[in-house]
Amino acid sequence: MRETIATYPEPGATSPASVDRSCGGQPRWLGQCLTLAEMELRKLRRDPTELLTRAVQPALWLLVFGEVFTRIHAIPTGDLRYLDFLAPGVLAQSVLFIAIFYGISVIWERDLGLVHKLLVSPASRAALVLGKALSAGVRGLSQGFIVYGLAWLLGVKMNWHPLALLGVAVTVLLGAAVFSTFSLIIACIVKTRERFMGIGQILTMPLFFASNAMYPVALMPDWLKAVAHINPLTYEVDAIRALMIQGGATAYGIGADFAVLTLALALLTTISSRLYPNLAR
Amino acid sequence: MTMVETSGLARRFGRLTAVDGLNLAVGPGEIFGLLGPNGAGKTTVIKMLTTLLPPTAGTAVVAGYDVRRQPARVRASIGYVPQLISVDGALSGYENLLIFAKLYGVPRAVRRGRIADALDFAGLSEAARREVRGYSGGMVRRLELAMAMLHRPKVLFLDEPTVGLDPVARQAVWQQVRLLAREYGMTLFLTTHYMEEAELLCGRIMILNLGRVAAAGSPAELKQSIQQPDATLDMVFAHFTGHPLEAEHEGNYRDISRTRRNLARLG
């Protein structure tokens, strides 16, 4: 005999408190985020080729650009060797590139009917957005492994302290979340792949160049300094630099870096959750 | 108690009125069919009832909850199979079911049993571990129906459930739909433009034209109403919509290219 509807407690019959919390006491929205990230992990496991192709760009930056600029001492980076200075920037950059184009996945899901189905599920809009952000973070972390491996091979002096590694992982997750949520906002507005790709291309390079990823902010002209200071990438790089490299220093303080990234994420998530339903209209 | 009830439900897009003052009531366990030519407003109605689109005017109550004031409650009580593909091709059938069981908060204790039951229901137990992109169109649709019943919704919305399927695959979907109403006690609300499908499945149908109700009743009542000998539902449809073959409102280029692309993918 099949289980009938009567044996399962009616969803609407539960009290508001139990609607928001699952039985384990873990907030339900968190479970929903984790489920969406799990979906991404399962897809990556089935087709890991993308991870390998994504390794090419950071490898070029470190091997070609990094090696050359280290040799000619063109960029003053204090006591830090240029390659050591650049490695955290390359990590942040490769995470940025993944995250800023992440919005295209929801356009893809919209062209199918997956967005509609997710929006009709009991998952809150914010959970859907943060689930996407966490999925981008998962991809960002895979870049972390690649850049760490490359940097280690090139003799960058890494900080292997477990807490430092954890700190970098958290920063990468936060950075990926910030830029993928930003990307989601663009996707919700433009709605088509062609327009999205155009805007994505326009955004990545300015975000990258107007940050401390390749050179210290101190070297910039004043107007660029101002831009760099409102660019979340600057704070992401700052935290990674302090945590990833031996003798790496933070310009703003790791606490401030985390605070800026968290605030940016909160703001972008709020906007994104409002716009997300537009995808199904 | 009615499971779906609307009163004066309307939706405007700029100057265009897609749905205009819709009144309907669907009781528990009913299979209700919404018919109409392309552009009649069927999908807009479903989007409003599933909380995807806020109504411009009027009210809609689904499973006892107001779509505007209690959208989260509505969503927890319903299932939805959109016209477009709503499964992830890069995952296996089992994984698709697992992810949605978790998203819908199906308790861990019953999750495994539910998924096995759903696979059995869809006739996909053997194909469960294969990637969905290798499935046939019929298998994809059956998986989607199985996913939509995992959490035992009170009302299940199906938007053009058999579009693009071959006759055998359509039969299988019809059987599933009947099973959901009969054995699981669900209320089914579906849109279709296949008259045969409406006649076979639905206890009651409503014909929508240009956003307004053109006719409503059981298939037999509607056939009687046009007072022609040997009336078929096709004749009823043509009588009430004035679109015997060619619909004037075919949808725009984007809709068509999307539908065709999906049909190609369903292959």
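1. Chain A holds 13 helices and zero strands, where helices are DSSP runs of H or I with at least four residues, strands are runs of E with at least two, and numbering goes from the N terminus. Along the sequence the pattern reads α-α-α-α-α-α-α-α-α-α-α-α-α. The radius of gyration of chain A is 21 Å, close to the 19 Å from the globule rule for 281 residues, so the chain is as compact as a globular protein of that length. That radius is taken over C-alpha atoms, and the rule is 2.2 Å times the number of residues to the power 0.38.

2. A word on what you are looking at: this is a predicted model, in which local features need pLDDT of at least 70 and side-chain atom pairs count only at pLDDT 80 or more, while totals for chains, interfaces and linings use all residues. Residues are numbered from 1 along each chain as its sequence is written, with chains lettered from A and ligands numbered from 1 in the order in which they are written.

3. The C-alpha trace of chain A spans about 75 × 40 × 35 Å along its principal axes. Of its 281 residues, 43% are buried (20 or more other C-beta atoms within 10 Å of the residue's own; exposed means 12 or fewer, partly exposed in between, with C-beta atoms placed from the backbone). Among contacts in chain A with a separation of 6 or more, 80% join residues 24 or more positions apart; a contact means C-beta atoms, placed from the backbone, within 7 Å.

4. Have a look at helices α12 (residues 232-244) and α13 (residues 254-275) of chain A: their axes come within 9 Å and cross at roughly 140°. Axes are lines fitted to C-alpha atoms, for helices over the stretch in contact, and angles run from 0 to 180 degrees between N-to-C directions. Residues making this contact include Y235(A) and A239(A) of α12(A), and F258(A) and L261(A) of α13(A). The contact residues divide into nine nonpolar, no polar and three charged. Here Ala, Val, Leu, Ile, Met, Phe, Trp, Tyr, Cys and Pro count as nonpolar, Asp, Glu, Lys and Arg as charged, and the others, Gly among them, as polar.

5. Now for the two chains together. Their contact takes 37 residues from chain B and 32 residues from chain A. On the chain B side, α2 (71-77), β6 (78-81) and α3 (93-103) each supply at least two residues, and α2(B) gives the most, with five. That side divides into 19 nonpolar, eight polar and ten charged residues.

6. Chain B has an open, antiparallel sheet of four strands in the order β2-β1-β4-β5. Strands β2 (16-26) and β5 (65-66) are at its edges with a single partner strand each, so one side of each is left without a neighbour in the sheet. Strands pair if DSSP finds at least two bridges between them. V62(B) is the bridge partner of V4(B) and also stands opposite Y65(B) in β5(B). β4(B) and β5(B) form a hairpin with two residues between them, and A63(B) in the turn has a positive phi of about 55°.

7. Chain B also has an open sheet of six strands, β6-β7-β8-β3-β9-β10, with mixed pairing. Its edge strands are β6 and β10 (212-217), and the twist averages 15° from one strand to the next. β6(B) and β7 (residues 155-159) run parallel over four bridges, with V155(B) as the bridge partner of I78(B). Helix α5 (residues 137-149) of chain B lies across β6 and β7, at about 165° to β6(B).

Methods
Two residues are in contact if their C-beta atoms, placed from the backbone, lie within 7 Å.
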